[in-house]
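Me: I'd like to learn how to read this fold piece by piece. Could you walk me through it?

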Amino acid sequence: RRVLGIEGTAWAASAAVYDVEADDVTIETDAYEPDSGGIHPREAAEHMREAIPQVVEQALDIAREQAADAGEDPEESPVDAVAFSRGPGLGPCLRIVATAARALAQRLSVPLVGVNHMVAHLEIGRHRSGFSAPVCLNASGANAHVLGYRNGRYRVLGETMDTGVGNAIDKFTRHLGWSHPGGPKVEQRASEGEYVDLPYVVKGMDFSFSGIMSAAKQAIDDGEAVEDVCYSLQENIFAMLTEVAERALSLTDADELVLGGGVGQNDRLREMLGKMCDQRGADFFAPEPRFLRDNAGMIAVLGAKMYDTGETIPVEDSRVRPDFRPDEVVVTWRSGEAV
Ligand code: ATP
């Protein structure tokens, strides 16, 4: 059995094949890289229009090869379902991906599965870790959430009150004139820095990144060394994420934490979370980078779980959801579990 996933919420035009029995995921991604500034929604959508058909055909070729190797009838569809990122994300990008997914599902005569991108960031970590009931920290570009599972839904235990965590870092680097994405460049420069004072804002279980991002820009304008500001920005932002993740573990009495999202590729963030979990006697898992940044593999894997529990949608009900919250999703694929 195989499911084809298509992702396109912001920058990654991506398609993947998930071979369920082999638990094998093949991902084809064509990234949008803005010439200047951050992600421009119209340019990103233009990228999707050009790149999605190609990555989908590449993924389909892989599915066809796998089907041929398995001795399946070449007249039959090589995939059982087409899953797509339904939201949250940039509307113009989502609409192109959804159109491609609908057309493909109709062409192959297979069902369509609409996947919540944030829940996919979470589920891929749970799937790869084998953990049963983890708390999840999603540290991505446009979002920052701490989620826990309770009574059939992923509950948002904490979240950003303003900008997404990666977007805050990217806005700071834009001020320095660096190209998008800024996260890896900040990580590199931070390794040579020392601490300078920057805001640290956690309110209850929520975090705010816009004040620290503005203060970091101001620190550069005031002549602080770039390395020092990069170091301090990382230390504070990641300590904020770690603090809320720890409190979520404590409140839910959980002893497993998984990380998701593109900012999760940062070694320092993983180190802080790993240490915090060690000190509490909790297990920590971060999937490999190809599953942390936006990718269609996570859409295909969650799409397969949803397909198994009958969570398919008719084409006429498959409109995109730019503001799709993770707690709106009824988690049918975990329905046998007590908590
Ligand atoms: P979302 O999943 O919320 O829609 P997104 O589409 O922007 O977000 P992701 O791929 O999850 O995408 O994350 C991209 C973000 O990850 C960018 O903001 C980028 O700067 C950041 N990032 C990438 N690598 C690193 C790193 N090594 N350290 C910190 N941040 C990083």
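Reply: Start with a convention for directions: axes are lines fitted to C-alpha atoms, for helices over the stretch in contact, and angles run from 0 to 180 degrees between N-to-C directions. Keep in mind that this is a predicted model. Helix α2 (residues 91–108) lies across β1, β4 and β5, at about 165° to β4.

Me: What is the order of the strands in the open sheet that has β3 and β5 in it, and what pairing does it have?

Reply: Side chains in a regular strand alternate between the two faces of the sheet. Here, five strands are ordered β3-β2-β1-β4-β5, and the pairing is mixed. The edges are β3 (24–31) and β5 (112–116); each has a single partner strand, so one side of each is left without a neighbour in the sheet. From one strand to the next, the twist averages 20°.

Me: In which sense do β1 and β4 pair?

Reply: Parallel: β1 (residues 2–7) and β4 (residues 81–87) are paired over four bridges.

Me: Now the domains. How is the protein chain divided?

Reply: Domain 1 takes 2–120 + 292–334, and domain 2 takes 132–288. Their centres, taken over C-alpha atoms, are separated by 27 Å.

Me: How many residues of each domain are in contact with the other?

Reply: A general point to begin with: the size of an interface is often given as the accessible area lost when the parts come together. What we have here is a residue count: 17 residues of domain 1 are in contact with 22 residues of domain 2. The domain 1 side of that contact has 10 nonpolar, two polar and five charged residues.

Me: And the ligand: why does it lie between the domains?

Reply: Both domain 1 and domain 2 give residues to the shell around the ligand, so it lies between them. Of the 26 residues around the ligand, the ones that come nearest are Ser 140, Gly 141, Gly 166, Gly 183 and Gly 262. The elements giving two or more residues to the shell are α4 (165–175) and α5 (183–190). The largest share, four residues, comes from α4. By class, the shell has seven nonpolar, 15 polar and four charged residues.

Me: Which strands form the open sheet that has β8 and β12 in it?

Reply: Five strands, in the order β8-β7-β6-β11-β12, with mixed pairing. β8 and β12 (283–285) are the edge strands, each pairing on one side only. The twist averages 25° from one strand to the next. Inside the sheet, β6 (residues 135–139) runs parallel to β11 (residues 256–260), and four bridges join them. Leu 137 has Leu 259 in β11 as its bridge partner. Helix α3 (residues 117–129) packs on the sheet, where it touches β6, β7, β8, β11 and β12 and makes about 130° with the direction of β11. Helix α7 lies across β6, β7, β8 and β11, at about 160° to β6.

Me: At what angle do α7 and α8 pack?

Reply: About 35°, with 9 Å between the axes of α7 (residues 226–252) and α8 (residues 267–280). The crossing is right-handed. Among the residues that meet there are Phe 238 and Leu 241 from α7, and Leu 269 and Met 272 from α8. By class, this contact has nine nonpolar, two polar and three charged residues.

Me: Last topic, the backbone. Which peptide bonds are cis?

Reply: Most residues other than glycine have a negative phi, and most peptide bonds are trans. Against that background, the bond from Gly 87 to Pro 88 is cis, with omega near 0°, and Pro 88 lies in the loop between β4 and α2. The bond from His 180 to Pro 181 is also cis, with omega near -5°; Pro 181 lies in the loop between α4 and α5.

Me: Where is Ser 109, and what phi does Ser 109 have?

Reply: Ser 109 is in the loop between α2 and β5. Its phi is positive, about 55°, although Ser 109 is not a glycine. Asn 151 also takes a positive phi, near 45°, in the hairpin of β7 and β8, which has two residues between the strands.

Conventions. Residues are numbered from 1 along each chain as its sequence is written. This is a predicted model: local features need pLDDT of at least 70, side-chain atom pairs count only at pLDDT 80 or more; totals for chains, interfaces and linings use all residues. Two strands pair if DSSP finds at least two bridges between them. Two residues are in contact if their C-beta atoms, placed from the backbone, lie within 7 Å. Domain bounds come from an automatic or database domain assignment. Ala, Val, Leu, Ile, Met, Phe, Trp, Tyr, Cys and Pro count as nonpolar, Asp, Glu, Lys and Arg as charged, and the others, Gly among them, as polar. A crossing is left-handed if the near helix is turned anticlockwise from the far one by less than a right angle, and right-handed if clockwise. A residue is near a molecule or strand if its C-beta atom, placed from the backbone, lies within 6 Å of it.
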